[in-house]
Amino acid sequence: MSTEISTSPTLSHPNPKTDDNTENIIFTQNEATIKMLYKALSQGETETVSSLIASDLEYWFHGPPRCHHMMRVLTGESPSHAATFRFEPRSVTAVDGACVIAEGWEGAKAYWVHVWTVNDGLVTQFREYFNTWLTVRDLRPTKPAAAGHHLGLSTTLWQSMPGDLFRRSLPGLLLAI
């Protein structure tokens with residue numbers, strides 16, 4: 001299994017002055033935005049989809065070239081109602097402020113992870129991982145140590161958990177935020 005490290009300075013982090021309740025509301029709103037996006041995609045509601053996505057969406061892809069399914073749908077190259085591959089998330093999870101992760105799989109043939117960045121109800125960044133295990137880690141220092149130094153510990157925020165693919169060998173990626 002190969003591992004690549006991808007860092008993104010554009011993923012926003014929660015405001016340290018924000019209280020836990022406000023942060024939970026933001027997480028819930030961001031999850032709701034992504035769930036609405038998938039619902040609109042499945043129903044072919046292109047106006048709703050375009051209202052949820054920034055016109056200058058940043059897109060990253062990792063996987064076999066033939067598997068750019070979501071980008072084909074988002075660009076209109078393959079209308080969502082006529083797409084050969086349908087995205088039905090098995091889980092949608094908000095992590096680290098603006099980041100929302102959706103995961104899905106269809107038996108042993110296809111496993112995907114979508115990492116969306118949502119700012120003020122608008123998707124500004126989209127990362128698609130197809131047939132790739134993903135671990136998302138927060139690499140910011142977690143605990144202050146003596147003399148004002150921070151320990152370099154990282155926290156796993158999310159990792160792939162597809163129930164029916166555990167025996168399958170897939171490349172692994174670490175997404176550092």
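Is Y111 buried or exposed? Good morning, everyone; let me answer that, and then go through the fold around that residue. Y111 is buried, with a relative accessible area of 0%, where buried means under 20% relative accessible area, exposed means over 50%, and partly exposed lies in between, with a 1.4 Å probe and protein chains only. Y111 sits in strand β5, and its C-alpha atom is separated by 4.8 Å from that of N131, which is 20 residues away along the chain.

The model is predicted, so local features need pLDDT of at least 70 and side-chain atom pairs count only at pLDDT 80 or more, whereas totals for chains, interfaces and linings use all residues. Residues are numbered from 1 along each chain as its sequence is written, and side-chain values use heavy atoms, with hydrogens and water left out.

Now the overall picture. The protein has three helices and nine strands, where helices (H or I, at least four residues) and strands (E, at least two residues) are DSSP runs numbered from the N terminus. Read from the N terminus, the order of elements is β-α-α-β-α-β-β-β-β-β-β-β. Of its 177 residues, 41% count as buried. Taking contacts, meaning heavy atoms within 4.5 Å, between residues at least 6 apart in sequence, 62% of them join residues at least 24 apart. The accessible surface comes to about 9700 Å², with 53% of that belonging to carbon and sulfur atoms, and these areas come from the Shrake-Rupley method with a 1.4 Å probe, where for residues only the protein chains shown count as cover.

Let me turn to the sheet. Five strands form an open sheet with mixed pairing, in the order β2-β6-β5-β4-β3, and two strands are said to pair if DSSP finds at least two bridges between them. At the edges are β2, residues 53-62, and β3, residues 91-95, each of which pairs on one side only. On average, and with direction ignored, neighbouring strands in this sheet are turned by 20° against each other; the axes behind such angles are lines fitted to C-alpha atoms, for helices over the stretch in contact, and angles run from 0 to 180 degrees between N-to-C directions.

Going through the pairs, β2 and β6 are parallel and share six bridges, and E58 has Q125 in β6 as its bridge partner. The pairing of β5 with β6 is antiparallel, with eight bridges, and here W116 is partnered by F126 in β6. These two strands form a hairpin with two residues between them, and D120 in the turn has a positive phi of about 55°. As for cover, seven of the nine residues of β6 are buried.

What packs on this sheet? Helix α1, residues 20-42, does so, touching β2, β3, β4, β5 and β6, and its direction makes about 125° with that of β5. The helix has 23 residues and reaches 33 Å from its first C-alpha to its last, close to the 33 Å expected, a span defined as 1.5 Å times one less than the number of residues. Its buried residues include F27, N30, T33, I34, L37, Y38 and L41. An α-helix has 3.6 residues a turn, so residues three or four places apart point the same way. Take T33 as one example: T33 counts as buried at 9% relative accessibility, and, leaving aside neighbours within four places in sequence, T33 is in contact with L52, V118 and G121. After the helix comes G44, whose phi is positive, near 70°.

Finally, P64 lies in the loop between β2 and α3, residues 69-75, and is partly exposed at 21% relative accessibility. P64 and T132 are 68 residues apart in sequence, while their C-alpha atoms are 9.7 Å apart in space.
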